[in-house]
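I opened the model today to look up a few local features. My notes follow in the order I made them.

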Amino acid sequence: PSSNVNDLLQTRGGDYWVATTGGLVRFDPKGRPGRRAAQSSGDTPAPMFTVVSDDGDQRTRIITVLREGRDGTIWAGTDNGLYRLELSNGRRSLRPVDVHFPHEYPELRIVTDVVDDSGGLWISAPSGLYRRWPDGSAARYTMRDGLPQDYLSDLLEDHEGRLWLGARQGGFFRLSVDGSRHAPVV
């Protein structure tokens with residue numbers, strides 16, 4: 001749907017996903033080539049590019065980041081918050097996941113990165129750092145909680161399980177986190 005690619009993901013199962021400014025696309029290198037991406041359907045043979053329907057607005061179609069969770073869930077960060085890829089009745093779709101993004105300005109809902117650690121998800125955004133636990137509860141951390149700034153651009157969990165945070169301006173930082181719901185320590 002768009003030649004602007006923001007992220008790529010190869011799942012542990014071998015599926016390829018492409019995050020574009022026009023939607024989430026499944027790429028099948030053995031599929032039928034075509035000039036345009038097809039909508040998700042039961043076409044045989046499968047098209048090379050299949051667009052996942054989101055039934056949302058334009059901001060939701062702008063996929064910024066893709067991650068595969070430890071349980072195989074595919075998480076899609078968008079310009080309109082966090083979404084989960086779901087399969088229902090043979091059709092893939094993106095379903096919103098509430099992490100309590102502010103609604104004052106649309107830009108505050110842009111997901112810049114996602115990390116799935118053993119305790120749940122970490123989500124970075126221009127409005128701060130978000131934590132989503134496996135039970136679905138969520139928290140938001142900002143400069144009020146000791147972060148260097150609110151506009152966060154990147155997250156990384158290193159091979160030792162440490163969480164790193166990149167700020168839009170001001171560098172990068174290591175966070176100390178524990179199993180509690182307390183704010184991380186920079």
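**Entry 1: L147 and its contacts**

This is a predicted model, so I read every value below as computed from it. I began with the contacts of L147. Leaving out residues up to four places away in sequence, L147 touches L129, Y141, T142, L152, L165, L175 and V186. I then looked up where L147 sits. L147 lies in the loop between β13 and β14.

Is L147 buried or exposed? Its relative accessible area is 5%. The limit for buried is under 20%, so L147 counts as buried.

I also took one distance. L147 and V115 are 32 residues apart in sequence, and their C-alpha atoms are 17 Å apart in space.

**Entry 2: the nonpolar core**

Next I asked which residues of the largest nonpolar core touch the most other members. They are W122, L129, Y141 and L147, out of 13 residues in that core. The largest share comes from β15, with three residues.

I noted the general rule beside this. In soluble globular proteins, nonpolar side chains tend to be buried together.

**Entry 3: the four-stranded sheet**

I moved on to a sheet. Four strands make an open sheet, ordered β6-β7-β8-β9, with antiparallel pairing. Which strands are at the edges? They are β6 (63-68) and β9 (91-97), and each pairs on one side only. From one strand to the next, the twist averages 30 degrees.

As a reminder to myself: strands of a sheet pair through backbone hydrogen bonds, either parallel or antiparallel.

I then checked the first pair in that order. β6 and β7 are joined by five bridges in the antiparallel sense. I looked up two positions along the pair. V65 has G77 in β7 as its bridge partner. E68 stands opposite I74 in β7.

The connection came next. β6 and β7 form a hairpin, with five residues between them. G72 lies in the turn and has a positive phi of about 95 degrees.

I also checked how covered β6 is. Five of the six residues of β6 are buried, and the strand is mostly covered.

**Entry 4: T78 in β7**

T78 belongs to β7, which spans residues 74-78. How accessible is T78? Its relative accessible area is 0%, so T78 is buried.

The side chain of T78 has a polar atom 2.9 Å from the backbone oxygen of G81. T78 is then in contact with R59, T60, I62, I63, T64, Y83, R109, I110 and V111. I63 and T64 in that list fall within β6 (63-68).

**Entry 5: salt bridges**

Last, I searched the whole structure for salt bridges. How many are there? The search finds 11. The general point is simple: side chains of opposite charge can pair when their charged atoms come close.

I went through a few of them. R84 forms a salt bridge with E86, and the closest N and O atoms are 3.2 Å apart. R84 has 23% relative accessibility and counts as partly exposed. E86 is also partly exposed, at 30%.

D158 forms a salt bridge with R162, at 2.7 Å between the closest N and O atoms. How accessible is D158? At 14% relative accessibility, D158 counts as buried.

R162 has another partner. The side chains of R162 and E160 meet in a salt bridge at 3.5 Å, N to O. E160 has a relative accessible area of 54%; the limit for exposed is over 50%, so E160 counts as exposed. R162 is partly exposed, at 29%.

Elsewhere, salt bridges that share partners join D7, R67 and D113 into one network.

Conventions:
Residues are numbered from 1 along each chain as its sequence is written. This is a predicted model: local features need pLDDT of at least 70, side-chain atom pairs count only at pLDDT 80 or more; totals for chains, interfaces and linings use all residues. Side-chain values use heavy atoms; hydrogens and water are left out. Helices (H or I, at least four residues) and strands (E, at least two) are DSSP runs, numbered from the N terminus. Buried means under 20% relative accessible area, exposed over 50%, partly exposed in between (1.4 Å probe, protein chains only). A polar contact is a pair of N or O atoms within 3.5 Å; within protein, one must be able to donate a hydrogen and the other to accept it, and residues adjacent in sequence count only if both atoms are side-chain atoms. Contact means heavy atoms within 4.5 Å. Two strands pair if DSSP finds at least two bridges between them. Axes are lines fitted to C-alpha atoms, for helices over the stretch in contact, and angles run from 0 to 180 degrees between N-to-C directions. A salt bridge is a side-chain nitrogen of Lys or Arg within 4 Å of a carboxyl oxygen of Asp or Glu. A nonpolar core is a set of buried Ala, Val, Leu, Ile, Met, Phe, Trp, Tyr and Cys residues joined through side-chain atoms within 4.5 Å.
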